[in-house]
Amino acid sequence: EASRKTFFITPQTGAALGRALQKMDETAGNLQSGNTSRASQSAQDAMGALNATALAVRRAIGEMQAAGSAVGFDEMLQKMEAMSQQQGDLNGQGESLFSQQKPGGSTPGQQQSLAQMAARQRAIQQALQELRQQLGAQQQKMLGDLGDIASEMEEAARSLQNQDLDRPLLNRQQKILSRMLDAQHSMRERGRSEERE
């Protein structure tokens with residue numbers, strides 16, 4: 001219930017709590033059937049899952065106290081804005097390199113730049129996937145599927161790694177940025193709606 005109201009309670013927290021409940025049921029069943037060794041093991045597993053849940057909730061409370069809002073939209077929006085800025089910078093670097101290309105292939109310096117760009121694209125992709133995990137099921141409702149954008153980023157990173165800097169790649173990167181900005185806009189609108197509520 002809490003994870004539907006704030007981004008600070010992640011789906012992983014709910015999963016840990018679910019594991020704890022499952023192991024508690026197992027423990028009760030093992031005790032009723034007189035299987036004390038299994039009951040002891042499942043009770044330890046339940047305790048471990050409860051500890052993981054408690055730590056996650058404690059971390060969420062700390063983040064919530066330091067945050068601008070209890071819902072967590074501000075923090076998620078800031079992460080999305082930072083990623084969009086990084087993608088925009090990367091796109092600009094690609095356009096600049098593309099305009100400098102001459103027939104006969106890339107220079108060693110350009111090849112090094114393309115390898116660095118591939119690494120930057122993968123870093124943005126990783127950050128997006130982490131945000132997607134943090135959003136959990138809510139991201140489908142709020143932002144559409146960020147997984148599609150992450151897949152596009154992987155394709156772009158692969159092209160950069162293969163030194164394939166061409167107009168279709170630049171168009172793909174522009175499309176990635178456009179979708180990220182759409183997701184950002186969607187998040188901002190949802191945040192205003194939550195504040196009104």
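This is a predicted model: local features need pLDDT of at least 70, side-chain atom pairs count only at pLDDT 80 or more; totals for chains, interfaces and linings use all residues.

Me: Why is Ser 113 called buried?

Reply: Ser 113, which is placed in helix α4, has a relative accessibility of 19%, and because buried means under 20%, Ser 113 counts as buried. Leaving aside neighbours within four places in sequence, Ser 113 is in contact with Gln 93 and Leu 97.

Me: What makes Lys 23 and Glu 26 a salt bridge?

Reply: Their closest N and O atoms are 3.5 Å apart, and a salt bridge asks for a side-chain nitrogen of Lys or Arg within 4 Å of a carboxyl oxygen of Asp or Glu, so the pair qualifies. Both residues lie in helix α1, 3 residues apart, which is about one turn of the helix.

Me: How do you know that the span of α6 agrees with its number of residues?

Reply: At 1.5 Å a residue, the 16 residues of α6 should span 22 Å, and the end C-alpha atoms of α6 are 23 Å apart, which agrees.

Me: What makes the pair of Glu 95 and Arg 167 a tie between separate parts?

Reply: Their side chains meet in a salt bridge at 3.1 Å, N to O. Glu 95 lies in helix α3 and Arg 167 in helix α7, so this pair ties together parts that are 72 residues apart in sequence.

Conventions. Residues are numbered from 1 along each chain as its sequence is written. Side-chain values use heavy atoms; hydrogens and water are left out. Helices (H or I, at least four residues) and strands (E, at least two) are DSSP runs, numbered from the N terminus. Buried means under 20% relative accessible area, exposed over 50%, partly exposed in between (1.4 Å probe, protein chains only). Contact means heavy atoms within 4.5 Å. The expected span of a helix is 1.5 Å times one less than its number of residues.
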